[in-house]
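The sequence and structure come first.

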Amino acid sequence: MSVDCVICSLAAMATEIIFHVHSDFAKAYIQCSGQENQTLKEAIEMQINRVLSCPVNEYIFKANVKGHTEQVIVNPNILICGWLEEGTKIQTYSLPKSDKKKLPTPPVNVENVPNGVPNQSLFFLNIDRDKNARIFTHISYDKYKVKNLCVSSANSDTLLKALEKDGRFMKPENWTLSIRGDNLSKVPVETKANCCEKYFFDVEFKTRKRTSSGVSESGAVKIKKEIIGKDEVTDVSSPSPMSAKRASPVNSFHKKILESAKSHAKKLLAQNNRRKLATLIETKFSKLIDQSKSVWLMEELVSASKCVGRINAESGRVTGTCFLVTEDVILTNYHVYKDINDDAASRQDKPKVKVSFNHMWPNQTLNLGEVEVDMKDIRAQCQDESLDYIFLGLKNKGGQPGLSGKISLVDPKNFTNEVVTIIGHPDGREKLIDPDCRIISQHTWRPELLKRIQKRQRFEFNPLFTCKEAIMSDKYKQKIAYDTTFFDCSSGSPVFDDQGKVIAMHTCGWVEKRAGIKFSFMEFAIPMEAIYNHCYNNFPQVVALLFQSFSMNVDEQD
């Protein structure tokens, strides 16, 4: 392993945060730990020993966060462990049944929680003195003896969006925020959260008083409420025709005021509707991530796709994907090699195993660009069943220089891309590309996968035990997790980053077939860094051949 990899590993180890959580059934504080980028909820649920007797969402959490001396109430669904003071003691309070019913379902998806302290901002809401504190939250926090609520936000979010994501607050769009101790310093809720880092706000909740009849009187003139859309304006009329004649100058004056008020109200209503429409488009209909790709990258991927092929025995049932590393060496999964080899060995006609590099459209039978694979030519024995990779030789050159020069060694813990691209032959079909495979972070994919599995209870095994045991196994320790539409027969497909570099090889996934519909809970890839390290430690003589971008001498690697 290179010096850079060792430094990255040490840096990753240094991000663990130690804290203590008060356990309601142990009646004592239990030491816990979590990665800096994990949410508090994930860290507690991933502990080996049981910490709480009920789900995390049924508790109030009081903790010390960085930069604030007093304890504040935090939201464990959003707050990441990196904000906790090292060794802090977190107090927990079980919510009464009445409050549990009032709290809405946490609206935050763990995949959308900002990754890292630099990408988050904190601000605080004062609930100690504000007379409206009891009406702007779903439950009352008076009995927990705390002055402030802590709100976590992505730097790119507005204060309003952060409050809506948090889930503890009622109608934040009707709030007026002012900096604590200075009621004249009003802050609009549309302000970016990173501009209000560690601000303490007082909250004024705008309420509208209504009368039972909807009509109020002021002197001899009656004021009647009139509805325009969802907003209210007032209309002024005289008590009777006789009084109208006697007070025509006054009525004329009030009518002018009314027309002006109606016009102003309609403008405000239109602005409000446009704002709501923009928010709806952003949150419901727009793309969550930028999925555009440069023409340069697409040209790189098209060029690289010529090195991707479908591997199978002639007329065989088992199919997989592979890609050229050099002009006469392919890389694929060990389980693909084993299944195809077993399929060929079980048949009397002893079929040849071939790679088709030009299978571009459905039902294609001509010009497939087939090259025979020498199943006995395992290059310098470069293979590993547990890591699930194997290098195989071709009897003839594949017609392309291979992707050895495009390989990039990236540690999954330091992987920063939001999406990756896969090129392969899913279901043994023509060559396809999935350009928007969303990455799931190393710290969150396990709880996210368990959550997805638990939503579908109709399994032949117990998802709460068998799945958890399998997910925690070393099989997935070095894998990159993502969502893709490539399932069966895609094993061995190259995985590309946003620079057109091969960073991993598609390996396995959690797929279910039900009622003729196939879907995947999550898919995984083995990083090229893991394959490189295994070759370097066990087959150093072929590292320069198979990894041309990293062809330095063995002594220079240490």
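Ile-330, Phe-391 and Ile-531 touch the most other members of the largest nonpolar core, which has 51 residues. A nonpolar core here is a set of buried Ala, Val, Leu, Ile, Met, Phe, Trp, Tyr and Cys residues joined through side-chain atoms within 4.5 Å; buried means under 20% relative accessible area (1.4 Å probe, protein chains only). The model is predicted: local features need pLDDT of at least 70, side-chain atom pairs count only at pLDDT 80 or more, and totals for chains, interfaces and linings use all residues. Residues are numbered from 1 along each chain as its sequence is written, and side-chain values use heavy atoms, without hydrogens and water.

- Ile-531 touches Leu-387, Phe-391 and Phe-547, among others, not counting residues up to four places away in sequence; contact means heavy atoms within 4.5 Å.
- Another core, of 28 residues, lies apart from the largest one and includes Ile-30, Leu-40, Ala-43 and Val-117.

**Asn-148**
- Asn-148, in strand 7 (residues 148-154), is buried at a relative accessible area of 2%.
- Its contacts beyond four places in sequence include His-68, Phe-124, Arg-180 and Phe-200.

**Thr-137**
- Thr-137 lies in the loop between strand 6 (120-126) and strand 7 and is buried, with a relative accessible area of 3%.
- Leaving aside neighbours within four places in sequence, Thr-137 contacts Leu-149, Arg-168, Phe-169 and Met-170.
- The C-alpha atoms of Thr-137 and Lys-171 are separated by 8.9 Å.

Conventions. Helix = DSSP H or I, 4+ residues; strand = E, 2+ residues; numbered from the N terminus. Buried < 20%, exposed > 50% of the residue type's maximum accessible area, 1.4 Å probe, protein only.
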